[in-house]
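Please open the model in your viewer and keep the selection tool at hand.

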Amino acid sequence: MSDSKTLYTADVHVTGGREGAARSSDGRLDLKLSVPGGPGQGTNPEQLFAAGWSACFEGAMAHAARARGIKLPNDLSIDAHVSLQQGEDGFSLAAQLDVSVPGLEPDVARQLIDTAHRTCPYSKAIKGNIDAVVVLV
């Protein structure tokens, strides 16, 4: 049995798959889903993953920076790219984060990025499962 303490559980109900809808139990998430690149006004799982991973990653960078007494710039930004791919073994994902940390020395920024990539729950979840790269831009 794990000695981990659950801090939060997201509960989301989805109907209709990629052409359906998703709604969280607290009502904060309520959206339509659409096939990537297809018609429709909704988002898709790849966009949701990109938003979730990049937001979590920025939080992990902030945690790493606080531990080292470093103030992150207010204009830190992350561009996430999540690709749906198809190969011989079916569908898979590939992902890249482009992290911009203006005003921070590149070697310090790279150290924070590396620490965040080791500690971010999304990064840990995908490690060894999909092609994932984090780039300092």
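This is a predicted model: local features need pLDDT of at least 70, side-chain atom pairs count only at pLDDT 80 or more; totals for chains, interfaces and linings use all residues.

Beyond its neighbours within four places in sequence, W53 is in contact with A95, Q96, L97, H117, C120, Y122, S123, I126, A132, V133 and V134.

Next, colour the largest nonpolar core, a set of 25 residues. W53 is listed among the residues with the most contacts inside this core, together with F57, M61, L72, V99 and V101. Which elements give two or more residues to this core? They are helix 1, strand 4, strand 5 and helix 2. Helix 1 provides the largest share, with eight residues.

Now select helix 1, residues 45–67. This helix lies across strand 4, strand 5 and strand 6, and runs at about 140° to strand 4. Then select helix 2, residues 106–119, which lies across strand 5 and strand 6 and runs at about 155° to strand 6.

Three of them form an open sheet in the order 4-5-6, with mixed pairing. Strand 4 (77–87) and strand 6 (131–136) each have a single partner strand, so each stands at an edge with one side left without a neighbour in the sheet. On average, neighbouring strands of this sheet are turned by 15° against each other, direction ignored. As a general rule, the strands of a sheet pair through backbone hydrogen bonds, in either a parallel or an antiparallel manner.

Finally, select strand 5 (residues 90–100) together with strand 6: the two pair in the parallel sense over six bridges. Where does V99 find its bridge partner in strand 6? The partner is L136.

Terms used: Residues are numbered from 1 along each chain as its sequence is written. Side-chain values use heavy atoms; hydrogens and water are left out. Two strands pair if DSSP finds at least two bridges between them. Helices (H or I, at least four residues) and strands (E, at least two) are DSSP runs, numbered from the N terminus. Axes are lines fitted to C-alpha atoms, for helices over the stretch in contact, and angles run from 0 to 180 degrees between N-to-C directions. Contact means heavy atoms within 4.5 Å. A nonpolar core is a set of buried Ala, Val, Leu, Ile, Met, Phe, Trp, Tyr and Cys residues joined through side-chain atoms within 4.5 Å. Buried means under 20% relative accessible area, exposed over 50%, partly exposed in between (1.4 Å probe, protein chains only).
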